[in-house]
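Hi everyone, thanks for having me. Have a look at the structure on the screen, and I'll talk you through some charged side chains.

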Amino acid sequence: MQSKVIVITGSSSGVGLTLANYFHDKGHQVYGLSRSKKGQEKFMHIATDVSDKENVERTFQQILAETNNRIDVLINNAGIGMLGAVEDASKNDIEKLLNVNVYGPIYTMQEVLPVMRAQKYGHILNVSSIASNNGLPFRGYYSASKAMIDRLIESARLENRHTGVEITTLNFGDIKTNIAEGRVKTFVSSFYKKKYDEMVADIDHEVAQGTPTEDLIPIIEGIMNQKNTKPHYYIGKTMQKFSVTLKSILPQKVFENIIAKYSKLD
């Protein structure tokens with residue numbers, strides 16, 4: 001496979017670190033963007049806060065100067081989780097989530113799209129979530145942040161038709177990472193406390209039993225070499241992927257009842 005210039009955000013751990021090291025070993029020119037490095041990087045690391053537009057601009061100016069104005073693949077992987085009831089979230093909680101999960105991908109795409117259009121090729125892969133299809137209890141803001149990315153990507157695809165630029169989302173189910181360590185956790189009021197505590201334990205268990213990051217490599221490598229990509233790729237365990245189909249065919253109230261039962265809210 002021809003060597004590519006690949007930029008991956010959120011490269012300090014988890015999916016981002018796994019992908020960046022793998023593609024470096026395959027002979028690609030990999031730039032990993034994260035606020036800090038962990039010492040496990042084989043690739044070029046650039047300290048970047050993706051929620052800071054000026055920081056992102058400086059980073060991409062450096063990359064383009066080093067690559068003769070070429071970027072083949074952007075993988076927007078940086079993201080954080082958030083747990084808490086809709087009612088309890090503070091403005092600061094919400095802004096912290098949106099700054100990384102929404103503004104980060106926006107800022108990087110704004111830098112990369114003109115470059116890829118000039119090249120007449122390129123792939124932008126934005127990490128989203130199967131949760132973007134559902135308003136999940138105590139994960140409403142996280143689900144909403146990923147739903148916003150899904151809609152923005154659908155718009156950007158239409159706006160860049162016939163340019164050679166492929167734009168898509170990778171809608172993950174539970175992936176075995178340390179995402180729990182960086183979650184935003186809101187204050188939880190007494191009305192929600194018991195249900196919330198029970199559900200957090202279940203959520204953490206599901207993540208611990210999630211898909212290993214290494215299993216994502218052949219899937220993502222395949223997508224970033226495709227033409228005419230789909231808007232969304234659902235990647236995860238069978239039942240998590242099937243929930244997308246279920247929601248599309250079941251009456252709304254029936255599907256809501258299924259989610260409630262699964263979440264032990266009845």
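Let's start with Lys264: its relative accessibility is 53%, so we call it exposed, because the cut-off for that is over 50%. Oh, and keep in mind that this is a predicted model.

So who does Lys264 pair up with? Its partner is Asp202, in a salt bridge where the closest N and O atoms are 3.2 Å apart. This pair ties together distant parts of the chain: Lys264 sits in the segment after α8 (252-262), while Asp202 is in helix α5, 62 residues apart. Asp202 itself comes out at 29% relative accessibility, so that one is partly exposed.

Now, staying with helix α5, which covers residues 190-208, here's another pair. Lys193 makes a salt bridge with Asp197, with 3.4 Å between the closest N and O atoms. These two are four residues apart, about one turn of the helix. Both count as partly exposed: Lys193 is at 38%, and Asp197 is at 37%.

What about Glu198 and Lys194, how far apart are they along helix α5? Four residues again, about one turn. Their side chains meet in a salt bridge at 2.8 Å, N to O. Lys194 is exposed, at 61% relative accessible area, whereas Glu198 is partly exposed, at 37%.

Definitions and conventions. Residues are numbered from 1 along each chain as its sequence is written. This is a predicted model: local features need pLDDT of at least 70, side-chain atom pairs count only at pLDDT 80 or more; totals for chains, interfaces and linings use all residues. Side-chain values use heavy atoms; hydrogens and water are left out. A salt bridge is a side-chain nitrogen of Lys or Arg within 4 Å of a carboxyl oxygen of Asp or Glu. Buried means under 20% relative accessible area, exposed over 50%, partly exposed in between (1.4 Å probe, protein chains only).
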